Amino acid sequence: MGKSRVLIIGATGNLGHQLAKASLQSSHPTFALVRDSAFSHPHKRQILQTLSDAGATLLEGSIEDESSLVEAMKQVDVVICAVSSKQVLDQKPVIKAIKRAGCIKVIFLCFLVILETLAEILGVFVKQSDIAAFTISAVDDPRTLNKVVYLRPPGNVYSMNELVELWESKIGKKLEKVYVTEEELLKKIKETPFPDNMDMVFIYSAFVKGDQTYFDIEASGGVDGTQLYPHQKYTTISEYLDTLLEEK
């Protein structure tokens with residue numbers, strides 16, 4: 001059985017680009033749904049050229065255009081939607097298009113959260129390229145069928161305070177800290193129009209409510225990606241911070 005054909009939606013974004021590269025590196029026939037306007041943007045055009053040169057097939061369309069979505073999906077087996085957190089509600093046409101296409105066996109909905117606050121609740125930090133590698137590993141794995149793939153890599157689960165303390169230990173000095181209460185964060189979320197408040201919504205979910213780590217992963221509905229793929233290397237928080245020190 002050959003490798004699944006993979007469609008990446010959002011391939012010019014940071015995470016989407018990493019997903020497309022990982023898909024190509026794993027020898028999946030890889031397709032990217034691309035807006036026409038992307039070709040006139042220098043940075044995005046360069047990314048698309050690099051992906052095309054590596055073997056990706058570029059398909060013109062967008063998540064707002066259901067017809068282009070359906071036509072793209074008819075050519076693939078797997079859809080990975082990697083739009084930004086501010087576009088999370090814009091993914092509804094993707095679900096409708098999948099139903100119309102009738103041939104998609106796997107869908108991944110991905111988004112990246114920018115973290116900006118301090119808390120004692122534990123959150124999970126994973127480098128974009130590592131998220132991509134784990135995601136592509138799961139594409140043809142029957143153990144992940146109809147299940148949520150969670151990533152909790154050892155060495156990457158920290159509270160924001162622990163993260164700051166680790167950074168302080170590496171730079172050899174204390175940083176001034178500004179603490180934000182739950183009430184202040186909720187007030188800011190309510191005052192900020194959608195979708196500009198989405199980053200704060202995910203911050204609240206992860207570092208106030210603890211939605212990434214407060215539960216055990218039940219085998220009936222989820223799997224731990226780092227346990228499924230113990231061979232998959234990833235960057236720990238400490239290693240990533242060391243690279244920032246090297247850049248200074």
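Reply: Helices and strands here are DSSP runs, numbered from the N terminus: a helix is H or I over at least four residues, and a strand is E over at least two. What you're looking at is a predicted model, where local features need pLDDT of at least 70 and side-chain atom pairs count only at pLDDT 80 or more, while totals for chains, interfaces and linings use all residues. Residues are numbered from 1 along each chain as its sequence is written, and side-chain values use heavy atoms, leaving out hydrogens and water.

Let's take strand 1, residues 6-9, as our part. Val6 and Ile8 point one way from it, Leu7 and Ile9 point the other way, and all of them are buried. Buried means under 20% relative accessible area, exposed means over 50%, and partly exposed sits in between (1.4 Å probe, protein chains only).

Who does strand 1 sit beside? Two strands pair if DSSP finds at least two bridges between them. Strand 2, residues 30-34, runs parallel to strand 1 and is joined to it by four bridges, with Phe31 of strand 2 as the bridge partner of Leu7. To get from strand 1 to strand 2, the chain passes through helix 1 (residues 14-25), in a right-handed β-α-β crossover. Right-handed means that, with the strands pointing away from the viewer, the path from the first strand over the helix to the second runs clockwise. Strand 4 (residues 78-81) also pairs with strand 1, in the parallel sense and over four bridges; there, Cys81 is the bridge partner of Ile9.

Now follow the chain into that crossover. His17 is found in helix 1, and it counts as buried because its relative accessible area is 16%. Contact means heavy atoms within 4.5 Å. Setting aside neighbours within four places in sequence, His17 is in contact with Gly10, Ala11, Ile47 and Leu51.

Most residues other than glycine have a negative phi, and most peptide bonds are trans. Ser27, though, has a positive phi, near 70°. Its relative accessibility is 53%, so Ser27 counts as exposed.

Asn146 sits in the loop between helix 5 (128-138) and strand 7 (148-150), and it counts as exposed because its relative accessibility is 74%. As for peptide bonds, the one joining Phe194 and Pro195 is cis, with omega about 10°. Pro195 is in the loop between helix 7 (182-191) and helix 8 (198-207).

One last stop is Gly222, in strand 9 (residues 222-224). With a relative accessible area of 4%, Gly222 is buried. Its contacts, again leaving out neighbours within four places in sequence, are Lys147, Val148, Tyr150 and Ile217. How far is Gly222 from Thr30, C-alpha to C-alpha? The two are 26 Å apart in space and 192 residues apart in sequence.
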